Amino acid sequence: MIAADFFDQVIDRVNTNSVKWDMREQYLGGADVLPLWVADMDFRSPPAVTAALIERAQHPIYGYAARPERMFKAIQHWNQTRHHWEIPQEQLVINPGVVFALNVAVRAFTQAGDGIVVQPPVYAPFYGAITDNGRTIIENRLLEVDGRYQIDFADLDAKLAQAKMLVLCSPHNPVGRVWNADELNRIADLCLQHNVIIVSDEIHCDLTLFAEFTPLGRLRPDLADLLITLAAPSKTFNLPGLTTSYGVIANEEKRKLYEEEKGRSGYHVGTVFGDIGLTVAYEAGAEWLDALREYLRENYRLIEQTFAEHPQVRLTPLEGTYLAWLDFRATGWSEDELTERFRTQAKVGPEKGGLYGEAGLGFWRVNFATPRSVLAEGLRRMQLALEEQRA
């Protein structure tokens, strides 16, 4: 049983080689800035994971790791019980991370110069995976309708006619949408019509807070020849430092091409601790996750309450992820001006929306997967910056 105060504990992460806490000077402009940016959580991972890692660490030899059958069974069982998706073991591919896997997929299934569709504002590494590999970005910008994001399907139809691949973010980071079955079916129909490969980044699939997640692979088995699904326990259980993820590729030929391209990247063996972390998290983390999701809902409600009386700030309705998307355009301040206010004066570090493309300018992403007392202090500092502006 996970106690109600499990996630309230403030744990000092300084001097743990944490990107979020130990690189504040480089990324946020000061070591005293309260970080609400990069997407890892300030919570202890499931106790069963910690215990398993400690037990393995006590064996003093850390040689090359063979992936156990148990690891694949854990992935299959988790997807079957949480998402009602039956995944044959042979369709699973193991990767160090979802961004790595996206880059492999881009190289394996497209050629230099090919167009790849993204839906801004969207996770920044999507852009790099395309341009760094010599492909062409095609933007299908999301539409804001009464403050809620939707897909511009007419534009998507036109853009897919020029493309070889769509990189789908489902649930979407940073806008917090959990695409529903109707939306996913429309995406699938268009990609089948245009014979466009879909790489579906579903890393936030377990972190839906106010909506139900639908795996595209379960919804549309007729996409088997076009769909590559990427997922991981890293966001779900706060394990990104263990660098282990997986993909699902139903088409045997595409799976072979993917594995060959992955091999050319030099990735052949597992990690001693990553494989254990993934396995035990999926085997024993369900109760922890259920408690986490309830805690995150309450944290999100705190953000709602904080900015309810601020006419200059609009909180985008969130359905999934632990990343709030706040619209500051009504302040009239540029991104640079707000950066100065937040980081230099208020000493708080949300993430600037411009990192997610031009469509993100004027927005700020707030990671609320942190103890409520820390979040409350961060929100107080953000309010302080706004109050100073009003004055």
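**Helix packing, cores and backbone geometry in the predicted model**

Ala48, Val49, Ala52, Leu53, Arg56 and Ala57 of helix H3 are in contact with Val272, Phe273, Ile276, Gly277, Val280, Ala281 and Ala284 of helix H12. By class, this contact between H3 and H12 comprises 11 nonpolar residues, 1 polar and 1 charged. The structure is a predicted model. H3 spans residues 47–57 and H12 residues 272–284; the two helices pack at an angle of about 145°, and their axes are 9 Å apart. The crossing of H3 over H12 is right-handed.

The largest nonpolar core contains 60 residues, of which Phe368 and Met382 touch the most other members. The greatest contribution to this core, 8 residues, comes from helix H13 (residues 286–307). Beyond its neighbours within four places in sequence, Phe368 contacts Leu209, Leu296, Asn299, Tyr300, Ile303, Leu318, Thr321, Tyr322, Leu323, Ala324 and Leu375. A second core, separate and of 28 residues, has Ala101, Ala108, Phe126 and Met165 among its members. In soluble globular proteins, nonpolar side chains tend to be buried together.

Helix H7 (residues 153–160) has Phe153, Leu156, Lys159 and Leu160 as buried residues. Viewed down the axis of H7, the buried residues fall within an arc of 120° and therefore line one face of the helix. The elements covering these residues include strands E3 (115–118), E4 (136–139) and E7 (165–169), together with helix H8 (181–194).

Most residues other than glycine have a negative phi, and most peptide bonds are trans.

The loop between strand E11 (314–315) and strand E12 (323–327) holds Thr316. Thr316 has a relative accessible area of 2% and is therefore buried, the cut-off being under 20%. Residues up to four places away in sequence aside, Thr316 touches Gly147, Tyr149, Val175, Tyr300, Trp325 and Phe363. Thr321 is also placed in the loop between E11 and E12. Although not a glycine, Thr321 has a positive phi of about 80°, and at 0% relative accessibility Thr321 counts as buried. Phi is likewise positive, near 60°, at Lys347, a residue other than glycine. Lys347 is located in the loop between helix H14 (335–346) and strand E13 (348–349), and with 28% relative accessibility Lys347 counts as partly exposed.

Methods:
Residues are numbered from 1 along each chain as its sequence is written. This is a predicted model: local features need pLDDT of at least 70, side-chain atom pairs count only at pLDDT 80 or more; totals for chains, interfaces and linings use all residues. Side-chain values use heavy atoms; hydrogens and water are left out. Axes are lines fitted to C-alpha atoms, for helices over the stretch in contact, and angles run from 0 to 180 degrees between N-to-C directions. Helices (H or I, at least four residues) and strands (E, at least two) are DSSP runs, numbered from the N terminus. A crossing is left-handed if the near helix is turned anticlockwise from the far one by less than a right angle, and right-handed if clockwise. Contact means heavy atoms within 4.5 Å. Ala, Val, Leu, Ile, Met, Phe, Trp, Tyr, Cys and Pro count as nonpolar, Asp, Glu, Lys and Arg as charged, and the others, Gly among them, as polar. A nonpolar core is a set of buried Ala, Val, Leu, Ile, Met, Phe, Trp, Tyr and Cys residues joined through side-chain atoms within 4.5 Å. Buried means under 20% relative accessible area, exposed over 50%, partly exposed in between (1.4 Å probe, protein chains only). The arc is that of the directions from the helix axis to the C-beta atoms.
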